[in-house]
Amino acid sequence: MTEQRFTEYLKTTLGVLEIHADNIGITAIGFVKTLKYTTKGNLHTKQAAIQLTEYLAGNRTHFTLSLNPKGTEFQQQVWTQLLKIPFGQTCSYGSIAQKINNPKAVRAVGAANGRNPITIVVPCHRVIGSNGKLTGYAWGTEIKSALLTLEKNLQP
């Protein structure tokens, strides 16, 4: 039996998000310039679109979505740690390496962070350099900065 794939697009002030899911959960979310797929959503993509809209409007601080990202065991470890970074807070690649009990894997953590397939929901934008400065972001540091500013402004 072939795995079903579902796609939905969400236009936001930061750009168009392409949301992918299978029957288990969200497999990918990323910004795109062109719409490559026919929109055929499912419950997972629809929930993601609603929750992302709420988040970007400043009305949501936590996502309650079923996730099913594809990656290596190491990448999965890193992505799990990303989900533990509290809303509105940041941490460094070194901090994540410490938390996965692999303190020398700072560069590998950076690479896994860069391959995070589920942007925003798995908050790779909350990872910054050990010097406190913004580091690279797959979708550009302008979007990373906007997401961090949004979260900072919503802090109680």
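Start with the cysteines: the count of disulfides is zero, a disulfide being a pair of cysteine sulfur atoms within 2.5 Å. Select Cys-91. Cys-91 is in no disulfide, and the nearest cysteine sulfur, that of Cys-124, is 11 Å away. Now select Cys-124. The closest cysteine sulfur to its own is in Cys-91, 11 Å off, which is too far for a bond.

Cys-91 counts as buried at 12% relative accessibility, and Cys-124 is buried at 6%. Here buried means under 20% relative accessible area, exposed means over 50%, and partly exposed lies in between, with a 1.4 Å probe and protein chains only.

A note before moving on. This is a predicted model, where local features need pLDDT of at least 70 and side-chain atom pairs count only at pLDDT 80 or more, while totals for chains, interfaces and linings use all residues. Residues are numbered from 1 along each chain as its sequence is written, and side-chain values use heavy atoms, leaving out hydrogens and water.

**Next stop: salt bridges**

The whole structure holds four salt bridges. Each is a side-chain nitrogen of Lys or Arg within 4 Å of a carboxyl oxygen of Asp or Glu.

Select Asp-22 and Lys-70. Their side chains meet in a salt bridge, 3.3 Å from N to O. The pair links distant parts of the chain, 48 residues apart: Asp-22 is in the loop between β2 (15-21) and β3 (26-32), Lys-70 in the loop between α1 (43-56) and α2 (73-82). Helices (H or I, at least four residues) and strands (E, at least two) are DSSP runs, numbered from the N terminus. Asp-22 is buried at 2% relative accessible area, whereas Lys-70 is partly exposed at 47%.

Go to Glu-151 and Arg-126. Their closest N and O atoms are 2.8 Å apart, in a salt bridge. Glu-151 sits in helix α5 (residues 141-153), and Arg-126 in the loop between α4 (106-114) and β5 (127-128), 25 residues apart. Both residues are buried.

Then pick Arg-60 and Glu-54, another salt bridge, at 2.7 Å from N to O. Glu-54 is partly exposed, at 27%.

**Last stop: aromatic rings**

There are three aromatic pairs. Rings of Phe, Tyr and Trp (its six-membered ring) pair if their centres lie within 6.5 Å; planes under 30 degrees apart are stacked, over 60 edge-to-face, the rest tilted.

Select Tyr-55 and Phe-87. Their centres are 6.3 Å apart and their planes at 90 degrees, so the pair is edge-to-face. Tyr-55 lies in helix α1, Phe-87 in the loop between α2 and β4 (91-92). Both are buried.
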